[in-house]
Amino acid sequence: MVSLEQLAEQLDPATTVLLTVECQQGVVGVDSALPELAEQARSSGALHRVARLVAGAHETGVQVLHAVAERRPDGRGASNNARLFRAAARLPVQQHPGTTAVRIAPPIEVADEDLVVRRLHGLSPIAGTDVDALLRNLGCRTLVVTGVSANVAIPNAVFDAVNLGYTAVVPQDAIAGVPADYTPAMVRNTLALVATVTTTDDVLSCWKRPRPATRA
């Protein structure tokens, strides 16, 4: 891991955006379409830590962006070129626009200044969405990636962020996947090669550090 000083440089609130990935009720909530993943996100404390990071971002002026996955009831525009998509289309809980399933799950609190980006296709919360353009317009240099799943969407987000020129920071205790032992293996063998791996407490500590005054 990088030192706290190096991490603090990366996590300047003025140039950092916190991304929550699929932290929606139909994925990590009590009535999830994916109960095993939801249970892991909650029992591991990952969802609670995402909520802490969101609250900390709100307190320190860090922009928060929530990436939500949706599917139209008629399936129009949805991807169908992988087994995952076809299985999702048969699940008893569907991520339909406007339903409870696509609302951000408690205990995460959404503020008025948060941005919500919804996608109808693909695996990534960044590729093929408005996220990159929004990040550039916000002056983002560092993207903090949290949420689910460590199996698919989180590595997709990290790879896309790095390929687009952003520094990716992953609080390893604020992501979840299945089975439980898969997440640390993914972090150690893959994400650590391309992202700054850290913890929720260290991110929050960096955001709370006093910043040097800028000259007028």
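How many nonpolar, polar and charged residues are in the lining of the largest pocket? Let's start there and then walk through the rest of this predicted model.

## The largest pocket

By class, 18 residues of the lining are nonpolar, seven are polar and five are charged. Together, 30 residues line this pocket, whose volume is about 700 Å³.

Is Glu22 buried or exposed? Glu22 counts as buried because its relative accessible area is 13%, and the cut-off for buried is under 20%.

In soluble globular proteins, nonpolar side chains tend to be buried together. Here, the largest nonpolar core has 32 residues, and those with the most contacts inside it are Leu11, Leu18, Val28, Leu53, Ile108, Val148 and Trp207. The elements giving two or more residues to this core are the helices α1 (4-10), α2 (25-28), α3, α4 (46-60) and α9 (200-208), along with the strands β2 (63-69) and β4 (142-148). The largest share comes from α4, which gives seven residues. Apart from this core lies another, of 27 residues, including Leu65, Ala150, Ala168 and Ala195.

Leaving out residues up to four places away in sequence, Leu18 touches Leu53, Val54, Ala57, Val62, Gln63, Val64, Leu65, Val144, Thr146 and Trp207.

## Gln63, a buried residue in β2

One of the residues that Leu18 touches is Gln63, which is found in strand β2. Gln63 has a relative accessible area of 18%, so this residue is buried.

What lies 2.9 Å from a polar atom of the Gln63 side chain? The backbone oxygen of Glu113 does. Setting aside neighbours within four places in sequence, the contacts of Gln63 are Thr16, Val17, Leu18, Glu113, Asp114, Leu115 and Leu138.

## Helix α7 and its surroundings

Helix α7 covers residues 153-163, and its buried residues are Ala153, Ile154, Pro155, Ala157, Val158, Asp160 and Ala161. After α7 comes Gly165, with a positive phi near 100 degrees.

## Two cis peptide bonds

Where are the cis peptide bonds described here? One runs from Pro106 to Pro107, with omega near 5 degrees; Pro107 has its place in the loop between α5 and β3 (115-119).

The other runs from Val148 to Ser149, with omega near -5 degrees. Ser149 lies in the loop between β4 and α7, while Val148 is among the residues with the most contacts inside the largest nonpolar core.

Conventions
Residues numbered from 1 in each chain as written. Predicted model: local features only at pLDDT ≥ 70, side-chain atom pairs only at ≥ 80, totals over all residues. Heavy atoms only, no water. 1 Å grid on protein atoms, 1.4 Å probe; cavity = no way out; pocket = protein on both sides within 12 Å on 5 of 7 lines; lining within 4 Å. Points joined across faces, edges and corners; volume = space filled by probe spheres on them. Nonpolar A, V, L, I, M, F, W, Y, C, P; charged D, E, K, R; others polar. Core = buried A, V, L, I, M, F, W, Y, C linked by side-chain atoms within 4.5 Å. Buried < 20%, exposed > 50% of the residue type's maximum accessible area, 1.4 Å probe, protein only. Helix = DSSP H or I, 4+ residues; strand = E, 2+ residues; numbered from the N terminus. Contact = heavy atoms within 4.5 Å. Polar contact = N/O pair within 3.5 Å; in protein donor to acceptor, adjacent residues only side chain to side chain.
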